[in-house]
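Subject: Structure handover and notes

Dear colleague,

Please find below the structure that I promised to pass on, followed by my notes on what was found in it. I would be glad if you could read the notes with the model open beside them.

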Amino acid sequence: MAKIRDPGMRLPTEANGYLTQLGSGTLIAEDCGVAIHTKSVQRLVQYVKERPSETISFVPEIPVSTELGLTRYHPLLYWIPKTRERVIDRVKLAALHMPFASNLRSMLLPSGSTQIVETSKDEQVHYFADHFHEVCPAPTQVSVVLGNVCNLKCIMCPYHSPEITPTHRTDFFRHPNLMAYEIMDRIASECGQLRVPVKVGNVEEPLLHPRIVDFVSACRSRGAPSFHITTNGLLLTADKGRALLEAGLTSLYISLDAARRETYSRVRGTDIERVERNAHDFLRLRREMRSRCRVLMSFVRNKGTSCEETMEFRERWLPQTDGVIFYNLAETDKGNSRFREVMDVANETMDKAKGRWPCLNPFQEIYLLPDGRVYYCCETVSKLAFEHLESMGRYPEQSIPEIWRGEPFRILRRDLILNELKRWPACENCGIWMAHVTKTQEIDGTRITRNMITEIVEKT
């Protein structure tokens, strides 16, 4: 007769009935805060009946999404046959000195064991929607939209371009608005406590906010592991750069989009020399201060920009920085981002998945807006000028963990898993959900990572 070890009472009540189908051994349920789905137990029992002498474990996965970076569970179920009962004895002994769950992962999977990852849609919803907050209690990144203002009007920008702004259908960008520092201070405290990275520079120029340095300092000093800024660099003076580095800035992208004066003037409408001077000053300060802040220069492949200029940009900035980023031009249609080409590797992945897989963004990040709304990806933010999308919560009335485990996020994750997206127009009409698929190559001392949106070139 098989035995059960279930210290957290996570097995379904009918699990005892399955024991009659098993030989001699022990069924172990790890206590990770999540009830084990009945189908998971049934599948493991079936495997045990087919392989009675093997150690078998079950870990839930979502095909493709798990491979691309979806937060992973540890094994939730183990079957230990009687022939390997010494494993159980070692676990019992070790449990006297450390938590039971800590031993399972290191001691219950000897060589020759089998791991089950097959997970039905019902199980996927159970583990990755209804109980996702148990394995991922906070987002892996918080993107903060500090305002709606910018000091440039770049031709391709859906938020501030003179050609596109007349087509706006909401008033989000109509009147200048910056996030109150009281809210930023609350974000810093929560992200610090949760140990969550912070990112700014989405629809706005973040250096326009008068408290940006204070925000970086507050986040980092309270425990946020990293702070990223994307900026056009016009306001990145030596004094500002030094203050940001002293505050603990860990990553900076400077958007140039040109290697030549005439291109920069056409695309961004001002003088490239000022930005380049600021970039050089920041790189010098980084060296002098021995800062580990990563600096990358970015370039949007706009219409009319030659391949020769692209290479000039790479050759000029790659030796001085940690890398260069080339963005494929997105054509914006009423807030929907469209890219002309989809990488072969993304098409291959879609063939493998037999269609669409759950996008990772709602399982990884949240966007906090200055008016209290909460969004869940860059595509939703791109619609700020065109649609009033449903907010996933209200900040700061709700905390980040409350929003993350709230009903709107649960329903969205469930609908993504089931591919039922009619209530989520931003997802249903999205053109960039495949962007998590990447291809990396090592060429001539550089690492090149591509997806359908970007090409990142870094020195190895």
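Helices (H or I, at least four residues) and strands (E, at least two) are DSSP runs, numbered from the N terminus. This is a predicted model, in which local features need pLDDT of at least 70 and side-chain atom pairs count only at pLDDT 80 or more, while totals for chains, interfaces and linings use all residues. Residues are numbered from 1 along each chain as its sequence is written, and side-chain values use heavy atoms, with hydrogens and water left out.

I begin with the backbone. Most residues other than glycine have a negative phi, and most peptide bonds are trans. A cis peptide bond, with omega at about 10 degrees, joins tyrosine 395 and proline 396, and proline 396 is found in the loop between helix H15 (378-382) and helix H16 (400-404). Aspartate 257, although not a glycine, has a positive phi of about 65 degrees, and its place is in the loop between strand S9 (251-255) and helix H11 (261-268). Arginine 290, also a residue other than glycine, has a positive phi near 55 degrees, and it sits in the loop between helix H12 (272-289) and strand S10 (294-301).

For the surroundings of these residues I use relative accessible area, where buried means under 20%, exposed over 50%, and partly exposed in between (1.4 Å probe, protein chains only). Aspartate 257 is buried, with a relative accessible area of 1%, whereas arginine 290, at 77%, counts as exposed.

Next come the helix pairs. Two packed helices are described by the angle between their axes and the distance between the axes. Axes are lines fitted to C-alpha atoms, for helices over the stretch in contact, and angles run from 0 to 180 degrees between N-to-C directions; angles under 35 degrees count as roughly parallel, over 145 as roughly antiparallel, 65 to 115 as roughly perpendicular and the rest as oblique. A crossing is left-handed if the near helix is turned anticlockwise from the far one by less than a right angle, and right-handed if clockwise. Contact means heavy atoms within 4.5 Å.

Helix H8 (residues 181-194) and helix H9 (residues 212-221) pack with their axes 8 Å apart and at an angle of about 25 degrees, and are therefore roughly parallel to each other. On the H8 side Tyr181, Met184, Asp185, Ile187 and Ala188 take part, and they meet Asp214, Phe215, Ala218 and Cys219 in H9. This contact divides into 7 nonpolar, no polar and 2 charged residues, where Ala, Val, Leu, Ile, Met, Phe, Trp, Tyr, Cys and Pro count as nonpolar, Asp, Glu, Lys and Arg as charged, and the others, Gly among them, as polar.

Helix H9 also packs against helix H10 (residues 238-247), the axes coming within 8 Å and crossing at roughly 15 degrees, in a right-handed crossing. Here Ile212, Val213, Val216, Ser217 and Arg220 in H9 meet Lys240, Ala243, Leu244 and Ala247 in H10, which by class gives 6 nonpolar, 1 polar and 2 charged residues.

Histidine 209 lies in the loop between strand S7 (198-200) and H9, and at 4% relative accessibility it counts as buried. Leaving aside neighbours within four places in sequence, histidine 209 is in contact with Leu146, Leu178, Met179 and Met184.

The axes of H6 and helix H17 (residues 407-418) come within 9 Å and cross at roughly 150 degrees, so H6 and H17 are roughly antiparallel to each other.

Finally, the salt bridges: one is a side-chain nitrogen of Lys or Arg within 4 Å of a carboxyl oxygen of Asp or Glu, and by this rule the count comes to 26. Aspartate 122 forms one with lysine 39, the closest N and O atoms being 2.8 Å apart; since aspartate 122 lies in helix H6 (residues 121-130) and lysine 39 in helix H2 (residues 38-50), the pair ties together parts that are 83 residues apart in sequence. Lysine 383 and glutamate 387 meet in another, at 3.7 Å from N to O, with lysine 383 buried at 1% relative accessibility and glutamate 387 partly exposed at 22%.
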